[in-house]
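Colleague: Thanks for sitting down with me. Could you show me the model, and then we can go through its pockets and rings together?

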Amino acid sequence: LGFNSFDFKFDYKDVVDKDIQVKKTTGFNVGVVADLRLQEYINLRFEPGLYYTKRDLYYPDFTSKNDYFREVNSTYIHFPLLLKFSALRTGNVRPYLVGGLSTTLNLSSNSNSPDDNFQQKFRVKKWTNAYELGFGIDLFSEYFIFSPSIRGLFGISNELVRDNPSNGPSPWTDNVDSMKSRAILINFTFH
């Protein structure tokens, strides 16, 4: 169970005066944890989950809302494979670092849609990859372990689906070299 705040990192082909602005919202995530103890202080974790988030994109140099505004709703099935490095337990507290790779299936990608920004439809790729880094603490109780954590997600692959060239030059995607997700994930795990 947790919360997320996703963003996009844009890289441009040519220098721009004004960046594409991203308005982030707080999303939520639910998932499960599979944990394999490799050594006393190292665990391999698989944490698949369902993530929901929304981002609003504001393109500069447009006057009509149909042109400058794009809403990007995303429903992700997230597949992270992580290594958890735990410190020595002190009383009922054990801090840890976590990191690894993840792949994500975007169920709301619109990647196969024939419509594009010319028809007010923003498209992203269905599958993306990222790396994740974070920290947390294990709080031990008599019946369960509560593990709050904060994690950063940094996209590796370009998510942008370019506009159809048959519509002519696109002011929305032609100058964008890559668009990658970034996120802050706050997770509350019970095990």
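Colleague: Which residues lie nearest the centre of the second largest pocket?

Modeller: A word on the basis: this is a predicted model, where local features need pLDDT of at least 70, side-chain atom pairs count only at pLDDT 80 or more, and totals for chains, interfaces and linings use all residues. Residues are numbered from 1 along each chain as its sequence is written, and side-chain values use heavy atoms, with hydrogens and water left out. A pocket here is an open set of points on a 1 Å grid over the protein atoms alone, where a 1.4 Å probe fits, with protein on both sides within 12 Å along at least five of seven lines; lining residues have an atom within 4 Å of a point. The second largest pocket is lined by 16 residues, and those nearest its centre are Leu-1, Gly-31, Val-32, Val-33 and Thr-189.

Colleague: Which strand gives the largest share of that lining?

Modeller: Strands are DSSP runs of E with at least two residues, numbered from the N terminus. At least two lining residues come from each of β3 (27-31), β6 (49-58) and β11 (176-190). The largest share, four residues, belongs to β11.

Colleague: And what is the volume of the largest pocket?

Modeller: Its lining has 16 residues, with Val-16, Lys-18, Pro-60, Asp-61 and Pro-171 nearest the centre. Volume means the space filled by probe spheres set on the points, with grid points joined across faces, edges and corners. For the largest pocket that comes to about 250 Å³.

Colleague: Which ring has Arg-89 over its face?

Modeller: A charge sits over a ring if NZ of Lys or CZ of Arg is within 6 Å of the ring centre and within 35 degrees of the ring normal. Lys-65 lies over Phe-69 in this way, at 5.2 Å from the ring centre. For Arg-89, at 3.8 Å from the ring centre, the ring is that of Phe-140.
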